Amino acid sequence: MTAELEADLEAAAAEGVTAPELVGHDARAFALSWAKAKGVAGPRLLLASTAAAALVGALPGVAIGLLIAYGDALSNLEQIARGYAPNDPSEAWTPPAWLALAVYVLAALVTYAGALAAVSAVLRWRLDPAAGVTVGLLARTLPLIIAAAIGLTVLFAATQGFSTEPAVVVGDLVIPAAALAAGVAGVRLCAVRRVSGAAPGQTVVMREPVL
Amino acid sequence: MHRMVGLGSSRRSQLLRGVLDACLLAVIAEQPTYGYEMTKRLAERGLDIVGEGSIYPALARVERDGLVETYMEASNGGPARKYYRLTPAGRKALQRWIADWRATSSAVDGVLGTIEAEVGRD
């Protein structure tokens, strides 16, 4: 494509025809239209990369949530503050419900922001033409995906009696990860289809004069 | 008035969308040629509305469909140019498109021609 265009531009220039006169003023639209007709344009799906980025980005938030759920971390905060663990159980500090809720909200926010930032970074690093659409779509749907992932996990845990057996804990980790990955991959698929459908591929690319 | 000129240009470009591939095949059928030369030859025949690189995606499509084939040929002092020539499938496609165009233009003429004189009097 480059060689063909270079030769044509040179022939045109020899006759006083400028590059915009030959290929239009919107070089990007021209290049996209041509590349699409050639079958070499259009965003790649990158489903695995996008899902993996979301999982890695979500890890810090998930870690916070797991610490609270399994590590009794709020109670441990008191021990850290005191410098020792109380011998008498009655002295043990029970974290208020609002604090636990606040930490869970914080975990959800960190998960959301982390997943979104990681997906954005990976797609932009790969110069993906659907990066903006993917991130925009993900920003709107990720809360639902995360909610669905949590819901499925709680459902699974409930059926197992909220056991802390290793097999159940593994399920508690795999299920939300799989749900998040599947949800993000689905969003990515929608974004790529949307971008592919909107890319210029018409027979004639005309620019109407502003009159 | 300017708005009407703009609409006319838009209408022409819309009409051209359906026949640009056929026009390109026709130009190539006359003589193997390269992209810029095709733009010039189309413009010489009044299709100066073809521009802004619109022939390149069209050429890619007809090449992908096996209607034309390409070869490189040295130019005078410049880089080698990519020439397009018709394939047997392209020649058959051009024959079909010419027949389609004749039928379509005849039918449209039949519709528009009956009213043209009357509209022209207004």
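Guide: This is a predicted model. From the N terminus, the elements of chain B run α-α-β-α-α-β-β-α.

Visitor: How many helices and strands is that in chain B?
Guide: Chain B has 5 helices and 3 strands.

Visitor: What order do the strands take in the sheet?
Guide: The order is 1-3-2, in an open sheet of chain B with antiparallel pairing. Strand 1 (33–34) and strand 2 (68–73) of chain B are the edge strands, each pairing on one side only.

Visitor: What holds strands of a sheet together, in general?
Guide: Backbone hydrogen bonds pair them, either parallel or antiparallel.

Visitor: How many bridges join strand 1 to strand 3 in chain B?
Guide: There are 2, and strand 3 covers residues 81–86 of chain B. Thr33(B) has Tyr84(B) as its bridge partner in strand 3.

Visitor: Now the whole chain. What share of chain B is buried?
Guide: Of its 122 residues, 38% are buried. The accessible surface of chain B is about 7300 Å². Carbon and sulfur atoms account for 54% of that surface.

Visitor: And contacts in chain B? What share comes from residues 24 or more positions apart?
Guide: That share is 49%, counted among contacts with a separation of 6 or more.

Visitor: Switching to chain A. Which residues make the nonpolar surface patch there?
Guide: Leu101(A), Val105(A) and Leu109(A) make a patch of about 300 Å².

Visitor: Where is Leu109(A) found?
Guide: Leu109(A) is in helix 6 of chain A, residues 97–125.

Visitor: Is Leu109(A) buried or exposed?
Guide: Leu109(A) counts as exposed because its relative accessible area is 53%, and the cut-off is over 50%.

Definitions and conventions:
Residues numbered from 1 in each chain as written. Chains lettered and ligands numbered in written order. Predicted model: local features only at pLDDT ≥ 70, side-chain atom pairs only at ≥ 80, totals over all residues. Heavy atoms only, no water. Pairing = 2+ DSSP bridges. Helix = DSSP H or I, 4+ residues; strand = E, 2+ residues; numbered from the N terminus. Buried < 20%, exposed > 50% of the residue type's maximum accessible area, 1.4 Å probe, protein only. Contact = heavy atoms within 4.5 Å. Areas by Shrake-Rupley, 256 points an atom, 1.4 Å probe, with all protein chains shown as cover. Patch = residues over 30% accessible without salt bridge, like charges linked within 9 Å, V, L, I, M, F, W, Y side chains within 5 Å. Salt bridge = Lys/Arg side-chain N within 4 Å of Asp/Glu carboxyl O.
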